[in-house]
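Here is a guided tour of a model, written for someone who likes to know the cut-offs behind each term. Please keep the viewer open as you read.

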Amino acid sequence: MSDTVLKLQNVTKTYRGRAGQVQAIESVSLAVEPGEFVSVQGPSGCGKTTLLLIAGGLLRPDAGQVALDGRHPYDLAPEDRARLRADLVGFVFQRFHLMPYLTVLDNVLVASLARPSDDGVRRRAVDLIEHVGLGPRTYHVPGELSTGERQRVAIARALLNQPKVLLADEPTGNLDPASGDVVLQHLADFAEAGGAVLLVTHDERAARYPHRTVRMASGRIRED
Amino acid sequence: MSIWRLIAKEILYRRLNFALAALAVLVAVGSLVAVLTLLKGHDLRTEGIAEVQAKKAGEIGHNLQDDARRIMLGLGYNVLILHKEQDLGEFYTRGQASKTFPESYGDVLAQSDIILVQHVLPSLHRRMEWPEKQKRVILVGARGEAQRGHVDPKKPLVQPVSPGEMVVGSVLAAEAGLEVGQTVTLLGREFTVVKVHDRRGDEDDYTAWVHLSDAQAMFDQPGEVDTILALSCYCANTSADKMLEEIEKQVTRLLPDTRVICLEHEAAIRRATRASAGQRAEEFLALDQAGHESLRAERAALAAWVIPLVVVGCIVWVGLMALGNVRARRPEIGILRAMGVRGGQVVAIFLGRAVMVGLIGAVIGYAIGFAVAAVWDAREAGEGALTGGPAGAAALFGPGLLVAVLALAPVLSAAASLVPALLAAQEDPAVVLREE
């Protein structure tokens, strides 16, 4: 059995709309090992986000295989696929997607809705908030935080269910360089701790954190 | 983190949306509770009014009967005085008395201080053959009223027929060819017809009236009469119940060889008058009750279409507010689904919120609807639109309605929000997150 925690093999996705078809990605293959930090870089519209959504079990590809920790999410029923995501995957998005009416602690704890029987989740949430340096902000709401702090809340939320894979879509897109570095460092720390990180970004500054950088253009991997 | 905590926090954050949705439930529940409570108040007040009216009607009927009794008492009793030995069977079957007694008894009775009689009419009767006319007739010899010398004279009830004159009934006059001014012969005595009565529909139509002295002479019974009709007689210092008995006792004490008959039709009038008084009271009560029932029916009919209209309108309103909430929370739904929150949980989040909308709207709506109804009920009672006091909050309160409202409003609110909640659960997180 392979150690590969995330594996995409010849994955293809085409969007079909009234304006016609758009080939988002074509025959993309990618593997991420535990403890590995992989960055996918490329210009806007090259298919990075589509790749990440497919990898996270959110977007069914037209062709190809996806495996998360050896399981094929698109062979599962929607509810089982949701459980698989809750067990294995953490997401970080450019726009944070925090709930404006919840405190930092509750925004982190909201991930526990996906795994309601998880014991010790509150203790872990507090530790994660401390870990990302937001201890003093535990009971603040997102409107009272800087953008960098909000992204760190999103990282803590993504890590709450102890995922094996962290999928980050332009996590530094809205951040100043210093805040971006902090966020990338947290991703690197996760990988250092044995997790797998797949970062998609067009930010060239992110190049110094990943172990490996994959370059995409027009839906295809050009360089690995 | 529980779903309920998430719901509570979201409600506090999006207060306006929640308040508008709860307002819809409030309006529906408030209207329903107000109308049902008002109808209940109406029923309670109507019951109260019915009791009061029944009591009043009873009192009125009783008073009317008393009044009738007193009025009739004031009029006194009409009695017929016969000879003590007169066989009543013979009297009733033959229509005349065979025993006679002195004419002066009438004067004795009229002069009495114990028996107060308004009118005393001594007379002599015969059902006989009028040989000159070959007709059977009723002949009455009367002299007019006995004079009551000790009191102010009353206007005579009947005009006496003078000696040598005759008054006849209409049928007799027609069949015997009698006319006013005509001289006729009866048992060999001449009489002048002075009056022909209009038709009365009874035996008077076949009766001839002459002066008592003429009748006594014709029948060879000078100074004798067979009956004294005593009208409006009563005894002083005697209760109503004992009146007739006392009259009989006093008459027979004054006139030892007589007996007294209370005229039955007079007694029937007394009974009929009292019964009529009671019947009028019952009719009044029935009319009043019908008025209340009609008013209630009008209100119930109005409620029957207004309430469903309001409830349906409010359900649509709640549904639209829920749809707006779902649209506003698409990114939230997207991230929840991405994290692995299942569709059923998303539905639960929105339905739980709808339950809270229904519950809070129902509690406030019940309170407001009940308060409005109680105030309205009190005002309506105060204005006298319906007589009777206000039912009062304690009487108007119905635990059944409260429980029903608190149970049904959340269910209906959740039902109204079901489609939006299902749409939320079916949101494709990939689409939402990519759009974001």
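## Chain B as a whole

Of the 436 residues in chain B, 43% are buried, where buried means under 20% relative accessible area, exposed means over 50%, and partly exposed lies in between (1.4 Å probe, protein chains only). Chain B holds 13 helices and 11 strands; helices (H or I, at least four residues) and strands (E, at least two) are DSSP runs numbered from the N terminus. Among the contacts in chain B with a separation of 6 or more, 80% are between residues 24 or more positions apart, with contact meaning heavy atoms within 4.5 Å.

A word on conventions: this is a predicted model, in which local features need pLDDT of at least 70 and side-chain atom pairs count only at pLDDT 80 or more, while totals for chains, interfaces and linings use all residues. Residues are numbered from 1 along each chain as its sequence is written, chains are lettered from A and ligands numbered from 1 in the order in which they are written, and side-chain values use heavy atoms, with hydrogens and water left out.

## A glycine in a loop of chain B

B:Gly169 sits in the loop between strand 5 (165-168) and helix 5 (170-176) of chain B. Its relative accessible area is 0%, so B:Gly169 counts as buried. Which residues surround it? Leaving aside neighbours within four places in sequence, B:Gly169 is in contact with B:Val196, B:His197, B:Asp204, B:Asp205, B:Thr207 and B:Trp209. B:Asp202 is 33 residues away from B:Gly169 along the chain, and their C-alpha atoms are separated by 9.7 Å.

## Where the two chains meet

On the chain B side, 29 residues are in contact with 26 residues of chain A. The area buried between the two chains is about 2600 Å², and carbon and sulfur atoms give 65% of it; buried area here is the accessible area (1.4 Å probe) that two parts lose on being put together, summed over both. In chain B, B:Met1, B:Met339 and B:Arg342 lose the most area to chain A, together 28% of what that side buries.

## Parallel strands in chain A

Now to chain A, and strand 7 (residues 196-201), where 6 of 6 residues are buried. Both faces are covered, with A:Ala196, A:Leu198 and A:Val200 on one side and A:Val197, A:Leu199 and A:Thr201 on the other. Strand 3 (residues 37-41) of chain A runs parallel to strand 7, joined to it by 5 bridges; strands count as paired if DSSP finds at least two bridges between them. Within this pair, A:Phe37 stands opposite A:Val197.

Strand 6 (residues 165-169) of chain A also pairs with strand 7 in the parallel sense, over 5 bridges. Here A:Val165 has A:Ala196 as its bridge partner, and A:Ala168 has A:Leu199. From strand 6 the chain crosses through helix 6 (residues 177-192) to strand 7 of chain A, in a right-handed β-α-β crossover; right-handed means that, with the strands pointing away from the viewer, the path from the first strand over the helix to the second runs clockwise. In strand 6 of chain A, 5 of 5 residues are buried. Strand 6 also pairs in the parallel sense with strand 5 (residues 89-93) of chain A over 5 bridges, and A:Phe93 stands opposite A:Asp169 there.

## The antiparallel sheet of chain A

Chain A also has an open sheet of 3 strands in the order 2-1-4, with antiparallel pairing. Its edge strands are strand 2 (20-32) and strand 4 (63-68), each pairing on one side only. On average, neighbouring strands of this sheet are turned by 25 degrees against each other, direction ignored; axes are lines fitted to C-alpha atoms, for helices over the stretch in contact, and angles run from 0 to 180 degrees between N-to-C directions. Helix 1 (residues 48-55) of chain A lies across strands 1, 2 and 4, at about 120 degrees to strand 1.

Strand 1 (residues 6-17) and strand 2 of chain A pair over 9 antiparallel bridges, one of which links A:Gly17 with A:Gly20. A:Thr14 lies in strand 1 of chain A and is buried, with a relative accessible area of 9%. The side chains of A:Thr14 and A:Gln23 are joined by a polar contact of 3.3 Å, that is, a pair of N or O atoms within 3.5 Å; within protein, one must be able to donate a hydrogen and the other to accept it, and residues adjacent in sequence count only if both atoms are side-chain atoms.
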